[in-house]
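User: Please go through this model with me, one question at a time.

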Amino acid sequence: MSTSKAKTYRPETRLVHAGTLRSQFGETSEALFLTQGYIYPSAEECEARFSGKIPGYVYSRYSNPTMSMFEQRIAALEGAEAARSTATGMAAVTNALMGLVKAGDHVVAAKALFGSCRWVIEEWLPRFGVAFALVDGTDLAQWKAAVRKETKVFFLETPTNPTLEVIDIAAVADIARDAGARLVVDNVFATPLYQSPLALGADVVVYSATKHIDGQGRVLGGVILGSEKVILDNYHQLLRQTGPSLSPFNAWVLLKALETLPVRVERQTANAGAAANALAGHKKISRLIYPGRADHPQADIIKKQMRAGSTLVAFEIKGGKEGAFRFLNALRLIGITNNLGDAKSLITHPTTTTHQRLTPAQRAELGIGDGLVRLSAGLEHPDDLIEDLLTALEAV
Ligand SMILES: Cc1ncc(COP(=O)(O)O)c(C=O)c1O
């Protein structure tokens, strides 16, 4: 099935069929092309492929059939003209930003970002003469006020990590367009199933494929998606020449994982919703944030831009870090980690892990209290999950 034909099918169907390149052996399951390079039938063809006169693979740092299958399958789901895969989510984020700026430019980003993304903006880009402003992503006036004539990029993630705050993508995209800047959206928490930033006006979407896309804790990966022009003008050469390429093996794992993405994410979302409902109003919890509940502070924006809730729930345990640690240590089923989006339910204490680099004042500004934990619901039976959570709360 060609990618263009795949666009006419519903998402679940595209995720099983889109992008398949079948070899002469007619295999059912896509092949893993574990090769660094390619042999050409003649020196003339080698020359023509290198010059781009005839299409074809030349070196797996540039591309590889298994990488292409993964890229085309996720592009078909996202509704993007083009995609480029990377070794990790951070390689995708870093290159998505670096590809759009040069010395003297300026970036505006929401301050509620995954810790490493914030490091790239605050510590890495300035080394190359790229200035930045961090804003409260939910306050549209702050995006507008931060714009300078040198502003080239707006960057945000929504729902945010870890407080599951939601930013109005279409409204920020309008401000970016008026400013002549490109909007890059990290769509990891929403997944391509629940939110389509390109359709809402974003120019570039990035994923850590490590999270829900693999969804089984096996491999790292990332992907950058956008129009053919945005990808060719800004990323094609950058990625080929600097080499943050996805390994073909990881591309194969991620390609096959896409086939089951909707089944997994729907079940994980149902589990997260059930856990949120069981925890809401619990006497040991001071605050609960779940994008699928009517009491989410930005429920109106969620209705407008997301197709469903989330596989993640954030909640604040009474008693600060001590209370949170007592709760975490009493869990028997749910694993303590910094990761998310897995078949196994996982829980994170952002203050001491993903957001440890921030000062207490910076964390307070983002609503990351010492008692805050972020649950990533897995595929277990919801009753087992809820029993583990409620039993562990008794230890607080
Ligand atoms: C929102 C978000 N963006 C980017 C990343 C980076 O992804 P990776 O760990 O695959 O580099 C993460 C990882 O935790 C994340 O949560």
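User: In which loop is Leu164 found?
Analyst: This is a predicted model, in which local features need pLDDT of at least 70, side-chain atom pairs count only at pLDDT 80 or more, and totals for chains, interfaces and linings use all residues. Residues are numbered from 1 along each chain as its sequence is written, and side-chain values use heavy atoms, with hydrogens and water left out. Helices (H or I, at least four residues) and strands (E, at least two) are DSSP runs, numbered from the N terminus. On that numbering, Leu164 belongs to the loop between strand 4 and helix 8.

User: Is Leu164 buried or exposed?
Analyst: Leu164 is a residue other than glycine with a positive phi, near 60 degrees. Buried means under 20% relative accessible area, exposed over 50%, and partly exposed in between (1.4 Å probe, protein chains only). Leu164 has 0% relative accessibility, so the residue counts as buried.

User: Which residue does a cis peptide bond join to Asn161?
Analyst: The loop between strand 4 (151-157) and helix 8 (169-179) contains Pro159, and a cis peptide bond with omega of about -10 degrees joins Thr158 and Pro159. For the cis peptide bond at Asn161, omega is about 5 degrees.

User: How far is an oxygen atom of the ligand from an N or O atom in the side chain of Asn161?
Analyst: A polar contact is a pair of N or O atoms within 3.5 Å; within protein, one must be able to donate a hydrogen and the other to accept it, and residues adjacent in sequence count only if both atoms are side-chain atoms. Ligand oxygen is also found 2.8 Å from a polar side-chain atom of Ser208 and 2.9 Å from a polar backbone atom of Gly89. For the side chain of Asn161, the distance is 3.5 Å.

User: How many charged residues does the shell around the ligand have?
Analyst: The ligand is surrounded by 13 residues, with Gly89, Met90, Asp186, Ser208 and Thr210 the closest; near means that a heavy atom of the residue lies within 4 Å. Ala, Val, Leu, Ile, Met, Phe, Trp, Tyr, Cys and Pro count as nonpolar, Asp, Glu, Lys and Arg as charged, and the others, Gly among them, as polar. The shell has 4 nonpolar residues and 6 polar ones, and the number of charged residues is 3.

User: Why is helix 5 described as largely enclosed?
Analyst: Helix 5 spans residues 89-98, and its buried residues include Gly89, Val93 and Leu97. At its N-terminal end the cap is Thr88, with a side-chain oxygen 3.3 Å from the backbone nitrogen of Met90. Helix 5 is largely enclosed by the rest of the structure because the buried residues number 8 of the 10.

User: Which side chain makes a polar contact with the side chain of Thr311?
Analyst: Thr311 lies in the loop between helix 13 (299-305) and strand 9 (312-317). Its relative accessibility is 1%, so Thr311 counts as buried. The side chains in this contact are 2.7 Å apart, and the partner of Thr311 is His212.

User: What is the relative accessible area of Thr191?
Analyst: Thr191 is found in helix 9 (residues 191-194). Although not a glycine, Thr191 has a positive phi of about 70 degrees. Thr191 is buried, and its relative accessible area is 2%.
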